[in-house]
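Work through the exercises below with the sequence and the coordinates at hand. Each task is followed by a solution in steps.

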Amino acid sequence: MFKRISGKPRLEWYPKIASTVINYGGLMYPDGSGAIQPADSTSGNHLGVSMKAVAAADSDYAANTKIPVDVVGEDDVFEATVTGTLTTAMVGNFYDLSTDLVVNVGATSKKVVLCVGFISATLGLFKISARAADFYVATS
């Protein structure tokens, strides 16, 4: 999960993609059809972090209802779990995602997050470098 560590939260409401499970604390990106969806290893321009979980059993699961998103900014820092082994030598490098909740420190093709701090082998501090506001990285 992406947990804000620094920077001022900026909540905005966006329609979610229908019939998709959404994790609280998951990184989100625009789906190209007017909704947002969970990020993955191929997503590029991230909007922010979901502040609401959506489960298949929820009454609005199949609808495009709006959910709150903590929109990421240039100087915001988030704590996130990693797959692979994070080391202090990785601080200052860019990495990919495994899922909307997890950074993949073994992949560097998309470079959508910047490691700015080491906490442990499985937990680090990151800036979201590929933001929808900046349009740096294409979704593939």
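Predicted model: local features only at pLDDT ≥ 70, side-chain atom pairs only at ≥ 80, totals over all residues.

**Exercise 1: the open sheet**

Task: give the strand order of the open sheet of five strands, and state which are its edge strands.

Solution. 
- Step 1. Reading across the sheet, the order is β2-β6-β5-β3-β4, and the pairing is antiparallel.
- Step 2. β2 (11-15) and β4 (36-38) are the edge strands, since each pairs on one side only.
- Step 3. On average, neighbouring strands of this sheet are turned by 50° against each other, with direction ignored.
- Step 4. Met-28 stands opposite Gly-48 in β5.

**Exercise 2: salt bridges**

Task: count the salt bridges, using a cut-off of 4 Å between a side-chain nitrogen of Lys or Arg and a carboxyl oxygen of Asp or Glu. Then describe examples by distance and by burial, where buried means under 20% relative accessible area.

Solution. 
- Step 1. The count comes to five salt bridges.
- Step 2. One of them joins Arg-4 and Asp-70, whose closest N and O atoms are 2.7 Å apart. Arg-4 belongs to strand β1 (residues 3-6) and Asp-70 to strand β6 (residues 66-71), so the pair ties together parts that are 66 residues apart in sequence.
- Step 3. Arg-4 has a relative accessible area of 18% and is therefore buried. Asp-70, at 4%, is buried as well.
- Step 4. Arg-4 and Asp-70 are also linked with Asp-76 in a network of salt bridges.
- Step 5. Arg-10 and Glu-12 form a salt bridge at 3.7 Å, N to O. Arg-10 has a relative accessible area of 45% and is partly exposed; Glu-12 is partly exposed at 26%.
- Step 6. Lys-52 and Asp-60 meet in a salt bridge at 4.0 Å, N to O. Lys-52 is partly exposed, with 31% relative accessibility, whereas Asp-60 is buried at 15%.

**Exercise 3: positive phi**

Task: for Ser-19 and Lys-111, state what phi is, then place each residue in its loop.

Solution. 
- Step 1. Ser-19 has a phi near 55°, which is a positive value in a residue other than glycine. Ser-19 sits in the loop between β2 and β3, and with 42% relative accessibility Ser-19 is partly exposed.
- Step 2. Lys-111 has a phi near 55°, again a positive value in a residue other than glycine. The loop that holds Lys-111 is the one between β9 (102-104) and β10 (113-120). The relative accessible area of Lys-111 is 45%, so Lys-111 counts as partly exposed.

Definitions and conventions. Residues numbered from 1 in each chain as written. Heavy atoms only, no water. Pairing = 2+ DSSP bridges. Helix = DSSP H or I, 4+ residues; strand = E, 2+ residues; numbered from the N terminus. Axes fitted to C-alpha atoms, helices over the stretch in contact; angles between N-to-C directions. Buried < 20%, exposed > 50% of the residue type's maximum accessible area, 1.4 Å probe, protein only.
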